Amino acid sequence: MPSRRRARNDPGQYDDLAGEWWRPGSPLSMLYWLAGARARLIPPAERAGAVLVDLGCGGGLLAPHVAGKGYTHIGVDLIVSGLEQSAAHGVTPVLADVRHLPFADGSADVVSAGELLEHVPDLPRVVAEACRILRPGGWLVLDTLADTALCRLVAVHLAEAVMPAVRGIHDPALFVDPRRLQAECARHGVPLDVRGIRPALPALARWVVTRRNAVPIVPTFSTAILYQGRGRKGSQ
C-alpha cells in the first residue's frame with residue numbers, strides 16, 4: 001500500500017504497488033481493463049518488423065491484449081519494478097523518461113499512451129515526443145482522465161474512498177482537457193478522434209463487492225471523466 005507521506009502523483013507509488021499489477025482483484029485492475037479497450041484500437045501490424053511503443057507501460061498489462069497482432073512490443077517506463085514485470089510478459093523494457101524518448105524519428109508503427117498523460121507535468125513535450133517517433137501512417141492510441149470537476153469527484157474522491165490503496169496516485173491538476181490534447185496532437189500531424197468510455201456499471205458494482213471477473217470498458221456519450229483517443233499520423 002502506498003505511503004501517505006508520498007506526494008500526489010509520486011511515481012514511487014507504483015513501486016509500493018508492485019505486487020498488484022497482475023493480482024486478480026487488485027486496485028490496479030482498472031488499468032488491465034483499460035488496456036484491453038485500448039488494444040481494440042490497435043490494428044494488426046501492416047508490415048514485417050512493425051514496432052509498438054508502449055509509453056508508461058507499467059507492469060506490461062497491454063501485452064496479452066496485443067499478442068498475436070504482429071508487433072515487437074517495446075515498453076517505456078521509469079519504474080524498474082514495473083519494467084521487470086513487463087519483460088516477464090514478453091515486452092522489451094526500456095528505462096526512459098517519456099519526455100526524452102531514445103528512439104529515432106518515425107521508428108514506431110503504433111504508439112500507445114495508456115493512463116499516462118494525466119501523470120505528466122509537461123503534456124506538450126510528451127505529445128511531441130509520441131508523435132515524433134510515430135512513422136507516417138502510424139497510429140497513436142491513448143486513454144486519459146478529463147480536466148473536469150466531475151472527473152475529480154469520481155477519479156479522485158470516490159475512487160480513493162473505495163480503494164484506499166490508490167490514494168494520492170493522481171494529481172487532478174494534471175488532468176487533460178480533450179480539446180487541448182487534440183490541439184497538441186494536431187500540431188504534430190496527428191488528428192485525434194476522441195470518445196468517452198466507462199466501465200460497464202453493473203459489472204463494476206459486482207466487482208466492487210466480489211473483486212472477481214474483468215469489467216468491460218464501453219463507449220459513452222461524454223468525455224467528462226474518462227476518454228480514449230486514436231489518430232493516424234499524416235504523410236510528411
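Me: Contact means heavy atoms within 4.5 Å. Leaving aside its neighbours within four places in sequence, which residues is Glu115 in contact with?

Reply: Glu115 has Leu31, Leu34, Asp143, Thr144, Leu145 and Leu226 as its contacts beyond four places in sequence. This is a predicted model, in which local features need pLDDT of at least 70 and side-chain atom pairs count only at pLDDT 80 or more, while totals for chains, interfaces and linings use all residues. Residues are numbered from 1 along each chain as its sequence is written, and side-chain values use heavy atoms, with hydrogens and water left out.

Me: Where is Glu115 found, and what makes Glu115 a residue with no salt bridge?

Reply: Glu115 is in the loop between β4 (108–114) and α5 (123–133); helices (H or I, at least four residues) and strands (E, at least two) are DSSP runs, numbered from the N terminus. A salt bridge needs a side-chain nitrogen of Lys or Arg within 4 Å of a carboxyl oxygen of Asp or Glu. Lys and Arg count as positive and Asp and Glu as negative, with His and the chain ends not counted. The nearest side chain of opposite charge to the buried Glu115 is Arg38, and that is 6.0 Å away. Glu115 therefore has no salt bridge.

Me: Why does Trp139 count as buried?

Reply: Buried means under 20% relative accessible area, exposed over 50%, and partly exposed in between (1.4 Å probe, protein chains only). Trp139 has 15% relative accessibility, so it counts as buried. Trp139 lies in strand β5 and touches Pro43, Asp109, Val110, Val111, Leu134, Arg230, Gly231 and Arg232, not counting residues up to four places away in sequence. The C-alpha atoms of Trp139 and Arg230 are 7.0 Å apart, although 91 residues separate the two along the chain.

Me: What makes Asp97 buried, and which side chain makes a polar contact with Asp97?

Reply: With a relative accessible area of 19%, Asp97 is buried. This residue is in the loop between β3 and β4. Its side chain makes a polar contact with that of Arg99, at 2.7 Å. A polar contact is a pair of N or O atoms within 3.5 Å; within protein, one must be able to donate a hydrogen and the other to accept it, and residues adjacent in sequence count only if both atoms are side-chain atoms.

Me: How do you know that the side chains of Arg132 and Asp105 meet in a salt bridge?

Reply: The N to O distance between Arg132 and Asp105 is 2.7 Å. Arg132 lies in helix α5 and Asp105 in the loop between β3 (92–95) and β4, so the pair ties together parts that are 27 residues apart in sequence. Arg132, at 23%, is partly exposed, whereas Asp105, at 58% relative accessibility, counts as exposed.

Me: What puts the buried residues of α7 on the same side of the helix?

Reply: In helix α7 (residues 178–187), the buried residues are Pro178, Leu181, Glu184 and Cys185. They cover an arc of only 120° around the axis, which puts them on the same side of α7; the arc is that of the directions from the helix axis to the C-beta atoms. Arg179 and Arg187 are exposed on the other side. The buried residues of α7 pack against α5, β5 (134–145), β6 (192–199) and β8 (226–232). At the start of α7, a side-chain oxygen of Asp177 comes within 2.8 Å of the backbone nitrogen of Arg179.

Me: Why is helix α2 called largely enclosed?

Reply: Eight of the eleven residues of α2 (residues 29–39) are buried, so the rest of the structure largely encloses this helix. The buried residues of α2 include Trp33, Leu34 and Arg38.

Me: Why is the protein chain called as compact as a globular protein of that length?

Reply: The secondary structure of the protein chain comes to eight helices and eight strands. Its radius of gyration is 17 Å, close to the 18 Å that the globule rule gives for 236 residues, so the chain is as compact as a globular protein of that length. The radius is taken over C-alpha atoms, and the rule is 2.2 Å times the number of residues to the power 0.38. Buried residues make up 52% of the 236 residues.
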